[in-house]
Amino acid sequence: MKKREIQEINASSMADISFLLLIFFLVTTSMATDKGLSRTLPPPATNEEKTKDVDVNKRNIMMILVNSNDRLMVNGEMMDVSKLKEKAKKFIANPTNDENLPAKEAVQIPILGTQMITSKHVISLQNDRGTSYQAYIAVQNELVAAYSELRDELSVQKFSGRKFEELTADEQDAVKQYYPQKISEAEPKNYGQVNGGAQ
């Protein structure tokens, strides 16, 4: 009796097809990339600067604390995050030259000339180790939005109705010098109870 011959499947082209499919998916798939927060860190302090005591006027600092229950305190006052942007804008610009807000000084800015600005203002942000990521990002978003709105308002006022993104690179630099973004982040701490039980 004759044995049936089993025909072998020609798999020589399978490797080529698999390779082509792999290339296709690599080329057409978009990779998700994480986006970080843009922060400019100060340069390392020199030996002279380390030995000097820096005297910072309290009126120039906006102290923001976020505790482990995501409650927000701004300069010792409990605040909802939705009100933070307007508070920050008022602090940064000091439109009425309030004595309790950052001091203004005359600064020479290219294109804009001599301007009275709060060049020494600092927004100091400190979180608790238990602060949620969502609360941290919400606070950061409000602070960045405050600077963005102020820069847009100034751009419209000084450059014929154009918003900040529509300006030239030199004009944008001038606006950034007028409203320099100064957000300082301290190392997270354990606050426990803030303001007598408000957690």
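**Exercise 1. Find the helix that holds isoleucine 92, and decide whether this residue is buried or exposed.**

Keep in mind that you're looking at a predicted model. Start with the location: isoleucine 92 is part of helix H3, which covers residues 84–93. Next, check accessibility. Buried means under 20% relative accessible area, and isoleucine 92 comes in at 0%, so it counts as buried.

Now look at who surrounds it. Setting aside neighbours within four places in sequence, isoleucine 92 is in contact with several residues, including Thr118, Ile123, Leu150 and Tyr179. His121 is on that contact list too. The C-alpha atoms of isoleucine 92 and histidine 121 are 6.7 Å apart, although 29 residues separate the two along the chain.

**Exercise 2. Work out how strands E4 and E5 pair, and what links them.**

Pairing comes first: E4 (residues 105–109) and E5 (residues 113–117) run antiparallel, joined over five bridges. For one example, take valine 107, whose bridge partner in E5 is glutamine 115.

**Exercise 3. Give the strand order of the open five-stranded sheet and say which strands stand at its edges.**

Read the order across: E3-E2-E1-E6-E7, with mixed pairing. The edges are E3 (77–79) and E7 (183–185); each has a single partner strand, so one side of each lacks a neighbour in the sheet. On average, neighbouring strands here are turned by 25° against each other, direction ignored.

Zoom in on one pair. E6 (residues 122–127) and E7 are parallel, with three bridges. Isoleucine 123 sits opposite isoleucine 183 in E7.

H3 lies across E1, E2, E3 and E6, and runs at about 160° to E1.

**Exercise 4. How many residues make up the largest nonpolar core, and which element gives the most to it?**

The count is 33 residues. Those with the most contacts inside this core are Met62, Ile64, Leu84, Ile92, Ile123, Val139 and Leu143. Ile92, from the opening exercise, is back again. Now sort by element: E1, E2, H3, E6, H4 and helix H5 (169–178) give two or more residues each. H4 gives the most, with eight.

Not counting residues up to four places away in sequence, valine 139 touches Ile64, Val66, Leu72, Val81, Leu84 and Leu125.

**Exercise 5. Classify the two aromatic pairs.**

You'll need one cut-off: planes over 60 degrees apart count as edge-to-face.

- Phenylalanine 24 and phenylalanine 25: the ring centres are 5.4 Å apart and the planes are at 70°, so this pair is edge-to-face. Phenylalanine 24 is partly exposed at 47%, and phenylalanine 25 is partly exposed at 49%.
- Tyrosine 178 and tyrosine 179: with centres 4.8 Å apart and planes at 70°, this pair is edge-to-face. Tyrosine 178 is buried at 14%, and tyrosine 179 is buried at 11%.

Key:
Residues are numbered from 1 along each chain as its sequence is written. This is a predicted model: local features need pLDDT of at least 70, side-chain atom pairs count only at pLDDT 80 or more; totals for chains, interfaces and linings use all residues. Side-chain values use heavy atoms; hydrogens and water are left out. Helices (H or I, at least four residues) and strands (E, at least two) are DSSP runs, numbered from the N terminus. Buried means under 20% relative accessible area, exposed over 50%, partly exposed in between (1.4 Å probe, protein chains only). Contact means heavy atoms within 4.5 Å. Two strands pair if DSSP finds at least two bridges between them. Axes are lines fitted to C-alpha atoms, for helices over the stretch in contact, and angles run from 0 to 180 degrees between N-to-C directions. A nonpolar core is a set of buried Ala, Val, Leu, Ile, Met, Phe, Trp, Tyr and Cys residues joined through side-chain atoms within 4.5 Å. Rings of Phe, Tyr and Trp (its six-membered ring) pair if their centres lie within 6.5 Å; planes under 30 degrees apart count as stacked, over 60 as edge-to-face and the rest as tilted.
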